[in-house]
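Hi everyone, thanks for making time for this. Let me put it on the screen.

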Amino acid sequence: MTFIYLEMPKFNKTIETLASRFDKWMYVIRNLNKLERVPNQLRENIFERLFEVAEIAKFSKEEADAYEESLKSYRDLKNSLDTAYEEGMEKGMEKGMEKGIKQEKKEIVKNALSAGLTIQVISNITGLTSEEIEKIKNEQ
């Protein structure tokens, strides 16, 4: 195991002279309490996230509680919406399948009638009642 000691008071680079990611981290650690916003030189996802967390960390107890409560409400609502969406998709797929099957059976009945099959034979093939077949026959 190796220990590396950093002497933060000796790190005096300015934002314009940062060359590596290590330099950027050192700059942020040294100057986080002075920064009001993310400098352009630090516009990377990791630093953006760091500044978001730092903003939340400086909340008062009441602000932190309110934030956590709103986050909980958001997650509950999102989960509810996601669940409703999935259930709606399942029902929609079922209805679409039913509609497709009914349409397919109608086509079979029409073709069978055109071929001269009796209503009883068509009923046995499709599982439709003779009344349903008569209704399709009258639609033609």
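One definition before anything else: when I say helix, I mean a DSSP run of H or I with at least four residues, and the helices are numbered from the N terminus. With that in hand, Asn-111 belongs to helix α3. And please keep in mind that what you see is a predicted model.

Let's stay with Asn-111 for a moment. Is Asn-111 buried or exposed? Its relative accessible area is 52%, and the cut-off for exposed is over 50%, so Asn-111 counts as exposed. For a sense of distance, take Gln-41, which lies 70 residues from Asn-111 along the chain: the two C-alpha atoms are 72 Å apart.

Now the whole of α3. This helix covers residues 61-114, which is 54 residues. Just after α3 comes Gly-116, with a positive phi of about 90 degrees.

On to helix pairs. In general, two packed helices are described by the angle between their axes and the distance between the axes.

For α3 and α5, the axes are 10 Å apart and the packing angle is about 75 degrees. Angles from 65 to 115 degrees count as roughly perpendicular, so that is what we call α3 relative to α5. Who makes the contact? On the α3 side you'll find Lys-106, Val-109, Lys-110 and Leu-113, and on the α5 side Ile-133, Ile-136, Lys-137 and Glu-139. By class, this contact has four nonpolar residues, four charged ones and no polar ones.

While we're here, have a look at Glu-132, which is in α5. Glu-132 is partly exposed, at a relative accessible area of 38%. Glu-132 and Lys-106 are 26 residues apart in sequence, yet their C-alpha atoms are 9.4 Å apart in space.

The other pair is α1, residues 21-31, with α2, residues 45-57. Their axes come within 12 Å and cross at roughly 15 degrees. Anything under 35 degrees counts as roughly parallel, so α1 is roughly parallel to α2. The crossing of α1 past α2 is right-handed. Lys-24, Trp-25 and Val-28 of α1 meet Ile-46, Phe-47 and Leu-50 of α2 in this contact. Here the classes come out as five nonpolar, one charged and no polar.

What is buried in α1? The list is Asp-23, Lys-24, Met-26, Tyr-27, Val-28 and Asn-31. Part of what covers these buried residues is α2.

Let me finish with Asp-23, which sits in α1. Its relative accessible area is 8%, and buried means under 20%, so Asp-23 is buried. Which residues does Asp-23 touch, leaving out those up to four places away in sequence? They are Phe-11, Lys-13 and Leu-18.

Note on methods: Residues are numbered from 1 along each chain as its sequence is written. This is a predicted model: local features need pLDDT of at least 70, side-chain atom pairs count only at pLDDT 80 or more; totals for chains, interfaces and linings use all residues. Side-chain values use heavy atoms; hydrogens and water are left out. Helices (H or I, at least four residues) and strands (E, at least two) are DSSP runs, numbered from the N terminus. The expected span of a helix is 1.5 Å times one less than its number of residues. Axes are lines fitted to C-alpha atoms, for helices over the stretch in contact, and angles run from 0 to 180 degrees between N-to-C directions. Angles under 35 degrees count as roughly parallel, over 145 as roughly antiparallel, 65 to 115 as roughly perpendicular and the rest as oblique. A crossing is left-handed if the near helix is turned anticlockwise from the far one by less than a right angle, and right-handed if clockwise. Contact means heavy atoms within 4.5 Å. Ala, Val, Leu, Ile, Met, Phe, Trp, Tyr, Cys and Pro count as nonpolar, Asp, Glu, Lys and Arg as charged, and the others, Gly among them, as polar. Buried means under 20% relative accessible area, exposed over 50%, partly exposed in between (1.4 Å probe, protein chains only).
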